[in-house]
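Please look over the structure below.

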Amino acid sequence: MKMGIIIVILIGAIILILFQRNFKIQTFQTFSESAGEDTNESSSIFFHEDDYKQVEIVPSENFGELIKQAENVQDFAEKHFDGGAFTDIMIREENGFKLKNRGIKPRELDLILLDLPINKYTEVSTGIRPGEMNSENTYGYGENYNGIFFDFEFDSVTGIWIVGSPEVKNKEFVQVLNNIGNKWNLLLMDWNSLELIDLKDKEQIENYLN
């Protein structure tokens, strides 16, 4: 009788051990599969190299200089367009008053941009196709080909630019751009359309985005 009880206990213990081992294996496999799925998700954002600072945000001290450059670009375009393509390339001059001189902290700008209901990325690539080359010290908000970006050196923002059309409501984008303009007295220069926008003026921003 005692021997029978001992055998039953041993069998029960063996079954329990096998069950626990099988449960641990299944749990590990499930966790591994989930981790694998996470690593397959995109963790970076891309902007085409031709879009770099084509729509840029700059200090207001450059207002007169920007107007003059826009006029020069317009004149150049008229003289070097043959009806199908441009026959020459014009390289824009650097802004006299650098954005880094504003002393904008990356974290301060980041906090404002986080008000936009779009994804933030600390890994950014550029070139002619996604992942071609890393854009060091750059943050992006949005999606590939459509977003707002800034780069920085040490603890100062050195450039802010917009690419395409970020997927946000105009009202939200207007408010964020206006907050940036008011906080640091900034302008938006669109070199594609040759429009210069005072970001402290909501009505100008609204007209530009519409």
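Contact here means heavy atoms within 4.5 Å. The model is predicted.

## Helix H3 and its buried side

Helix H3 spans residues 106-113. Its buried residues are Pro106, Leu109, Asp110, Ile112 and Leu113. These residues lie on the same side of H3, because they cover an arc of only 160° around the axis. An α-helix has 3.6 residues a turn, so residues three or four places apart point the same way.

## Asn178 in helix H4

Helix H4 runs over residues 170-184 and holds Asn178. Is Asn178 buried or exposed? Asn178 has a relative accessible area of 6%. The cut-off for buried is under 20%, so Asn178 is buried.

Setting aside neighbours within four places in sequence, Asn178 is in contact with Leu199, Lys200, Asp201, Lys202 and Ile205.

## Phe47 in a loop

Phe47 sits in the loop that links strand S1 (45-46) and strand S2 (55-59). Phe47 counts as buried because its relative accessibility is 2%.

Which residues does Phe47 contact, beyond its neighbours within four places in sequence? They are Tyr52, Val124, Ser125, Thr126, Gly127, Ser135, Phe149, Trp161 and Val163. Take Gly127: 80 residues separate it from Phe47 in sequence, yet the two are 7.5 Å apart in space, C-alpha to C-alpha.

How values were computed. Residues are numbered from 1 along each chain as its sequence is written. This is a predicted model: local features need pLDDT of at least 70, side-chain atom pairs count only at pLDDT 80 or more; totals for chains, interfaces and linings use all residues. Side-chain values use heavy atoms; hydrogens and water are left out. Helices (H or I, at least four residues) and strands (E, at least two) are DSSP runs, numbered from the N terminus. Buried means under 20% relative accessible area, exposed over 50%, partly exposed in between (1.4 Å probe, protein chains only). The arc is that of the directions from the helix axis to the C-beta atoms.
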